[in-house]
Each structure stands twice: as C-alpha cells, then as structure tokens.
Amino acid sequence: MTLWIAFSLLTVLAALAVLVPLARAGRGVATAAALHDAEVYKSQLAEVERDLDRGLISQEAAQAARTEIARRLIAADREAQRGGGTEPAATDGRAGGAARLRMVQVAALLLVPLAAVAAYIAFGSPDIPDQPLSARIEAPAQGRSLPDLVARVERHLADNPEDGRGWDVLAPVYMRMGRPQDAASAYARAIRLLGSDVRRETDRGEALVVANNGIVSADARAAFERAVTMDAQAVKPRFFLALAMTQENRKDEAIAAWQSLLADAEGGEAWAEAVRMELAKLGVEAPAVAGPSREQIEAAGSLSNDERQQMIRSMVDGLDSRLAADGGSAEEWMQLMRALNVLGDRERLRQVIARAGEALKDDPAALAGIRQLARELGEGS
C-alpha cells in the first residue's frame with residue numbers, strides 16, 4: 001500500500017508540473033494581447049487628434065471616433081487587469097476559453113494516472129509478491145547473484161563474528177568486488193582467529209595497498225615483512241617490499257631487492273617484466289633472461305593464446321638481447337629461431353638466421369646446423 005501511495009503522489013506531482021506552467025502561460029498570453037490592444041487604441045486616439053488639427057475630419061466625426069476608440073480601450077484595459085488576477089472573469093468569449101483550458105487540465109490530471117496504471121497492468125508485473133532482503137538471504141544459494149551471496153555470508157558473520165573461516169572466505173570475494181578496505185578488515189579478522197600465514201599476510205597487505213591507491217603504507221609493509229619472515233622466497237611480498245623501497249626513494253636497497261627477485265625468475269613469469277620496468281625506472285638495465293626451453297614453450301600450451309604469445313615474446317626478446325650482446329652457441333641460436341617461427345615473425349627470423357650465420361661463420365659444423373634448421377623452417381634453400 002505504501003508503494004501505491006508513493007506512486008500516486010509522484011503521478012500528481014508530475015501532472016502539476018505540466019498543468020501549472022500551462023495555466024500561467026495562458027494567462028500571460030491573454031494579458032500580453034490586451035496590453036498590445038490598449039497601445040493600439042491609444043495610438044488611434046492620437047491619430048484622430050492629428051486628423052482633426054489638419055482639418056481632415058469634422059468635429060462630429062472626431063467625437064464619434066473618440067467614443068468608439070475609448071470604449072475599446074476600456075475593454076482592453078479590463079482584459080489586461082483580469083489576466084493579472086485583479087478582476088473576476090467575465091462571461092464572454094474569453095470565459096469560454098478559460099473553461100476549455102480547465103477541462104484540458106482536469107482531463108490531463110485524470111488521464112495521466114489512469115494511463116500510467118493501465119500501462120503498468122499491461123506491461124508490468126503487479127502480481128509478483130514482494131521480495132524482502134531477509135527472504136532473499138534465506139533462499140537457496142544456487143543461482144543467486146554474488147551480492148546476495150555476500151549479504152548472506154555477512155549476515156552469518158554478524159551472528160557468528162568468531163567464524164574465522166568465514167572471514168577468510170569472504171576477504172578475497174571483497175577484493176574481486178572492488179572493496180579492498182573491507183577485504184583488508186576481513187583478512188585481519190581471519191588472521192586474528194585462524195593465525196598468521198604467508199597467504200593471509202600477503203593478501204591483507206595487497207588489499208591495503210590497493211585501498212591506498214597503490215602506496216605501500218606502514219601497515220601493509222609490516223604485513224609483507226611478516227610474510228617474508230615465514231617464507232623468504234615468497235615472490236609477492238618481496239615484490240611489494242621492493243616497491244615500498246622504491247616509493248621511499250631508497251634507491252640502492254630497491255635496486256638490490258628488484259635484482260634479487262629477478263635472479264629467482266625461471267623465465268616466463270608475468271611479474272618478471274614488471275620487475276624489469278621498475279629497474280629501468282631506477283636507471284638500471286635489467287639482466288638478460290634465460291632463453292625459452294622446449295619445456296617452457298610446451299608449458300605455454302596451457303595458457304590462453306594471448307598469454308602464450310606474451311610469454312614467448314618476452315623470453316624471445318631476452319634471449320635475442322643476450323645473443324646480440326654476448327653471442328652464444330649454435331643451440332641457442334636455433335632455439336631463438338624456433339621461437340620466432342612459433343611466433344610467426346618471419347622477417348625477424350630471417351634477420352636472426354643472417355646474424356647467426358655471421359656469428360658462427362668460423363664454425364662449419366654449427367653453421368651447417370643453422371642452415372639445416374633454416375631450410376626446415378622454410379627460410380633456406
């Protein structure tokens with residue numbers, strides 16, 4: 001019932017929003033017309049006086065004209081005053097117009113809500129019962145939306161705040177929903193109830209960083225440090241600690257931390273490229289990465305096409321840079337050729353074949369192997 005009352009009030013307000021300006025506009029137009037007529041009649045009176053002075057009309061004709069013009073001027077003045085609301089409406093033609101305007105107003109006031117109700121009944125769902133939040137929370141979880149499921153878990157945790165497992169499950173969901181501050185709070189509760197471990201400390205620190213627009217706060221840094229204390233090789237907390245050093249302008253320590261991370265890369269890690277970018281910002285050229293092995297290329301098969309292409313290209317670039325700078329064995333050159341063939345980069349493949357031939361020109365056996373592989377890849381004769 002409350003909803004229907006609200007709908008009715010909104011409908012009346014919408015109708016009044018149209019009718020009131022319409023009524024005011026009608027009065028305004030009538031008043032403006034009457035004022036214009038009055039000015040015309042005044043001009044006609046002046047014209048009669050001028051014609052009389054010039055002898056164009058007789059005294060009797062001038063008097064008759066004055067009388068008629070004065071009558072019209074008085075009528076126009078009354079109309080103007082009536083439009084301004086100073087006199088009651090007269091029972092003339094204009095009164096009829098006002099009556100028609102009222103009929104239009106009343107019709108609009110009745111037809112608008114009736115049309116709205118008819119449209120809702122025809123196209124809406126008036127028979128669907130209300131769905132209060134409590135009923136939705138209690139409904140089976142299958143097919144439910146994520147916000148409903150989160151609301152259900154939140155209600156459970158409100159009744160059972162010491163359920164550490166519940167907080168531990170809810171925290172990463174908050175992160176996926178873009179609620180990092182709530183995620184950090186949930187992780188803190190899970191750590192208090194279930195104990196600290198590398199994952200919870202790291203994820204809590206990451207949530208704090210995200211909530212702080214990418215800045216590693218003292219609280220987040222402490223969480224990452226606790227994670228590293230438990231696992232010195234954990235990559236993610238070490239990454240954020242290196243980032244904290246960079247943000248604090250501790251350049252030498254940051255470079256050492258980034259290089260230490262990169263030294264542990266086995267090749268193909270997504271975070272390794274980010275590490276190289278951070279080192280470049282600090283003016284340090286990242287060490288070359290190891291080239292792609294057959295196992296690494298095969299492992300790329302489990303990735304999506306874009307991820308696989310990105311992974312292979314990253315490894316190819318690293319191997320290419322190292323061979324260009326330091327040279328390498330025939331096997332490494334052929335490894336690069338195979339990778340470029342996988343990527344379909346034919347132009348670069350031809351360039352690498354030429355460079356390999358130049359680098360291995362003093363080793364006939366190695367050169368023969370390069371040429372043989374080039375023929376197998378469709379780039380030799």
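Is Asn-249 buried or exposed, and what is its relative accessible area? The legends below describe a predicted model, and the last of them returns to this residue.

**View 1. Helix H8 and its length.** Helix H8 covers residues 198-211 and contains 14 residues. From the first C-alpha to the last, helix H8 reaches 20 Å. This value is close to the 20 Å expected at 1.5 Å a residue.

**View 2. The buried residues of helix H8 and their cover.** Among the buried residues of H8 are Arg-200, Glu-201, Thr-202, Asp-203 and Arg-204. Further along, Gly-205, Ala-207, Leu-208 and Val-209 are buried as well. The cover over the buried residues of H8 includes helix H6 (164-176) and helix H7 (180-194). Helix H9 (218-230) and helix H10 (235-247) also belong to this cover.

View 3. Asn-213 lies in the loop between H8 and H9. Although Asn-213 is not a glycine, its phi is positive, at about 55°. Most residues other than glycine have a negative phi. Asn-213 is exposed, because its relative accessible area of 72% is over the 50% cut-off.

**View 4. Asn-249, between helices H10 and H11.** Asn-249 is placed in the loop between H10 and helix H11 (251-263). Asn-249 is not a glycine, yet it has a positive phi of about 60°. The opening question can now be answered: Asn-249 is exposed, with a relative accessible area of 69%.

Notes:
Residues are numbered from 1 along each chain as its sequence is written. This is a predicted model: local features need pLDDT of at least 70, side-chain atom pairs count only at pLDDT 80 or more; totals for chains, interfaces and linings use all residues. Side-chain values use heavy atoms; hydrogens and water are left out. Helices (H or I, at least four residues) and strands (E, at least two) are DSSP runs, numbered from the N terminus. The expected span of a helix is 1.5 Å times one less than its number of residues. Buried means under 20% relative accessible area, exposed over 50%, partly exposed in between (1.4 Å probe, protein chains only). Contact means heavy atoms within 4.5 Å.
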